[in-house]
Amino acid sequence: MSFPSLRADRPVSLWTRIVALISLLLVLGTTMTGGLSLFLLNRTLIQGVDNELERSTADMTALATSLLNGDEDPAAAGSVAPVDYIVEIRDDDGVRMKQYVHRHGGSTGTLTFPQLTETQVIERGGEPFTIIDSSEGRWRVKAMINGGPGGGSVFVALPLESVDRTMHEMGLIIVLVGTGVVLMGMGCGGYIAHRSLEPLRDVEATAAQIAAGDLSRRVPETTTSMEVHRLSRSLNEMLVHIEQAFAAQSASESRATASEARMRRFVSDASHELRTPLAAIRGFGELYRMGALGTDESVAQAMRRIEDEARRMGSLVESLLRLARLDENPDLDLEPLDISDALFDAAQDLRALDPSRQVMVVSLSGTPLTVSPHVSVGVMGDEPSLRQVILNLVGNANRHTAKGSPVEIAVGTLADSARTVIEVRDHGEGIPAEQRERIFERFYRTDESRQRSATQGGGAGLGLSIAASIVQQHRGEISVHETPGGGATFRVELIAADLSAPADDEGEEHTPPPSG
């Protein structure tokens with residue numbers, strides 16, 4: 001449940017949302033409990049009056065007989081209880097013959113009963129009913145056939161004044177007690193929510209200081225919440241790597257300024273990206289702590305969301321650590337290797353993710369390639385790192401294109417240069433030209449046409465950054481172009497390698513890997 005913001009640029013705080021939700025639940029609970037209590041109390045009191053009518057049936061019948069005989073003294077007709085009551089006798093046609101009013105207060109006002117014939121009285125079967133008189137109030141009435149001389153029907157009525165008075169008093173008590181419970185719940189809930197959110201406010205304050213450039217700051221680790229404790233440890237580990245990478249980059253005075261600016265932007269973006277899943281975990285965690293999740297289904301859904309956001313943060317932290325390691329160790333030992341197996345493996349993985357999608361490995365000219373006979377594609381590089389590049393590009397195509405749309409993985413060696421080219425071509429909506437220059441920046445995302453939320457499989461904008469960093473380590477180039485007919489083509493150029501020639505200055509021979 002969401003509550004509207006007071007202003008478009010100033011959203012309501014999580015504390016306010018929690019207190020408002022607790023207050024709403026308390027008001028609803030008190031209202032439902034009070035309403036049900038009043039309903040049950042009214043039914044019980046009415047049942048008591050009906051029982052009194054049932055017990056008085058014999059005495060009232062005797063009283064009716066006495067009234068018809070001209071006896072005005074009710075005591076002579078039987079032992080009628082000393083309460084207010086009204087008895088009316090009617091003939092067979094439903095015409096009133098006599099009405100006796102007994103009031104302790106001395107009032108002799110008459111009561112108008114509904115016009116019922118003897119047949120209608122029989123159809124009611126002696127079931128009591130309620131009538132409302134503008135001057136006499138509510139009365140509980142029982143109509144019955146007069147079994148004495150003269151026949152006809154008898155109407156016996158008991159007042160509901162005591163019932164109404166009790167209901168009014170009970171309603172007033174429920175309103176007062178309910179108001180007190182809601183106010184006390186708001187106070188206690190607000191205080192507990194304030195205390196429970198303190199660790200997250202410390203994390204937020206530290207993140208703001210880090211975003212301002214103070215990389216020596218560390219997130220305080222707390223034991224009050226397992227999620228916050230794990231997040232704090234992951235953030236501190238990430239900050240250690242970031243600080244070390246920053247120190248290494250600052251070793252050279254000529255690169256110090258650019259490195260500092262890059263790190264500041266990197267940390268600022270990282271803290272911003274981590275704040276969103278952190279807020280979701282904080283919200284669902286505090287709702288669970290406050291007991292606002294009233295059903296097992298709500299608790300299960302909240303726990304699933306917390307796991308999803310925690311998994312998203314874990315993936316983000318791993319990507320950040322990967323980038324930090326790439327920045328810390330910019331040089332790799334490159335060796336000749338056959339990249340074709342990695343290409344076919346990536347194509348097979350994509351087919352497994354989306355069986356409806358047509359995935360082909362082709363040459364640059366468009367000729368389909370097959371595993372057998374094996375076609376070697378030699379490059380200078382590190383196989384695990386290059387596999388990461390290919391998987392990131394293929395995964396990017398899978399996330400940002402419609403299911404079932406074709407994807408081609410093209411490979412070949414340029415005839416006029418010692419470069420091997422790998423292209424991943426999709427047929428989605430493509431990337432606007434003004435965004436292609438920034439597509440490989442860290443945390444950068446394109447417009448909504450190619451962006452999906454984390455719960456739908458979208459990322460934090462780091463996959464292409466990691467791929468670009470790895471390609472840079474391989475002294476290669478990566479770029480994005482428009483696919484003919486629509487879509488995006490990611491192009492990677494690497495140093496070509498002759499797998500049949502010696503690989504290094506020492507004359508060692510590198511045997512090409514076995515074909516897949």
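Predicted model: local features only at pLDDT ≥ 70, side-chain atom pairs only at ≥ 80, totals over all residues.
Visitor: How do you know that E9 and E10 pair?

Guide: Two strands pair if DSSP finds at least two bridges between them; E9 and E10 have 7 bridges, in the antiparallel sense, so they qualify as paired. Residues are numbered from 1 along each chain as its sequence is written, and side-chain values use heavy atoms, leaving out hydrogens and water.

Visitor: What makes E7 and E11 edge strands?

Guide: The open sheet of 5 strands runs in the order E7-E9-E10-E12-E11, with mixed pairing. E7 and E11 (477-482) each have a single partner strand, so one side of each lacks a neighbour in the sheet.

Visitor: Why is H9 called a helix, and why does its span agree with expectation?

Guide: A helix is a DSSP run of H or I with at least four residues, numbered from the N terminus, whereas a strand is a run of E with at least two. H9 (residues 340-353) has 14 residues. The expected span is 1.5 Å times one less than the number of residues, which gives 20 Å for H9; the end C-alpha atoms are 20 Å apart, so the two agree.

Visitor: Which residues of H9 are buried, and what do they pack against?

Guide: Buried means under 20% relative accessible area, exposed over 50% and partly exposed in between, with a 1.4 Å probe and protein chains only. Among the buried residues of H9 are Leu343, Phe344 and Leu350. The buried residues pack against elements including E7 (359-363) and H10 (383-399), where contact means heavy atoms within 4.5 Å.
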